[in-house]
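Subject: Structure for you to look at

Hello,

I am handing over a structure that you have not worked with before. Please open it first, then read the notes below it.

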Amino acid sequence: MLTVSHVGRRFPGGTEALRDTCLRLHEADFIVLLGPSGCGKSTLLRLIAGLDQPDDGRLDWDSGPPAFGDIGYVFQDPTLLPWATAEDNVLLPLRLRGVTKRAAMPRVRDALARVGLAGFETMRPRQLSGGMRMRVSIARALVTQPRLLLMDEPFAALDEFTRHALQADLLAVWQSAGCTVVFVTHSIYEAAFLARRIVLMTPRPGRIDREIASALQAEPETRLDPAYAELVARITRSMAEALR
């Protein structure tokens, strides 16, 4: 899908966020970018999304630049319109594409149902829990049926129970949608549970230190599998080496 070749990014003031970063995205991948705070994970995500441009290197799309709606983006904060209902928040990307509300509503309701919010379409953000607001944000990113879903620490502020539930739901959505996911986290446990490929990044300036492939089943019971504990231990050792 995408080749990131020797990318570097420097910000005004001299901060070097990324240096010589290389990454390859494939169709239907689930990649987790894992590393300490400030290592350039979110910067790399913004470059992939086209929200920023590299100072060095290049990003090459195999089938040309993505069209509007080909990329869905989920931020750490749900960033919902506080006065709008759940369905109107999810409708927003389709309205921006000029789709009429009547034509869009089946897709909006399907996106909400995918994230477990059927029956909550008319609720406003203040009436929803933190986890439910994040579900609305994910539904909004899915409603355009993107080829690539980018997620920037979306579960970081949630309690552990809600986080586990949303992680399992995200895997189910990924399997049904067939899109590529790039997920940013600094949680080793989250990376081990979600990823098919764990990409370890060094402290700033961020670089790709190594990749770890996962053969774990994408299902809720994975956390009880001894292989999950072994993968967590392997990532922990590798991350310690990368930090050095």
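**Salt bridges and surface charge**

R210 is partly exposed, with a relative accessible area of 27%. Here buried stands for under 20% relative accessible area, exposed for over 50%, and partly exposed for what lies in between (1.4 Å probe, protein chains only). The areas themselves come from the Shrake-Rupley method with a 1.4 Å probe, and for residues only the protein chains shown count as cover.

Two notes on the source. This is a predicted model, in which local features need pLDDT of at least 70 and side-chain atom pairs count only at pLDDT 80 or more, while totals for chains, interfaces and linings use all residues. Residues are numbered from 1 along each chain as its sequence is written, and side-chain values use heavy atoms, with hydrogens and water left out.

Which residues does R210 meet in salt bridges? One is D209, at 2.6 Å, N to O. A salt bridge is taken as a side-chain nitrogen of Lys or Arg within 4 Å of a carboxyl oxygen of Asp or Glu. D209 counts as partly exposed, at 31% relative accessibility. R210 also forms a salt bridge with E241, at 2.9 Å, N to O. R210 lies in strand β9 (residues 208-213) and E241 in helix α7, so this pair ties together parts that are 31 residues apart in sequence. E241 is partly exposed as well, at 39% relative accessibility. Helices (H or I, at least four residues) and strands (E, at least two) are DSSP runs, numbered from the N terminus.

By the salt-bridge rule the count comes to 16. Among them is the pair R9 and D52, at 2.8 Å, N to O. R9 sits in strand β1 (residues 2-10) and D52 in the loop between α1 (41-49) and β4 (56-61), so that the pair links distant parts of the chain, 43 residues apart. Buried or exposed? Both R9 and D52 are buried.

On the surface, E219, E221, D225 and E230 gather in a patch of negative charge. Patches are made of residues with over 30% relative accessible area and no salt bridge, with like charges joined within 9 Å and nonpolar side chains (Val, Leu, Ile, Met, Phe, Trp, Tyr) within 5 Å. Lys and Arg count as positive and Asp and Glu as negative; His and the chain ends are not counted. E230 is found in helix α7 (residues 226-243), and at 56% relative accessibility E230 counts as exposed.

Regards

Conventions: The place of a charge is taken as NZ of Lys, CZ of Arg, CG of Asp or CD of Glu.
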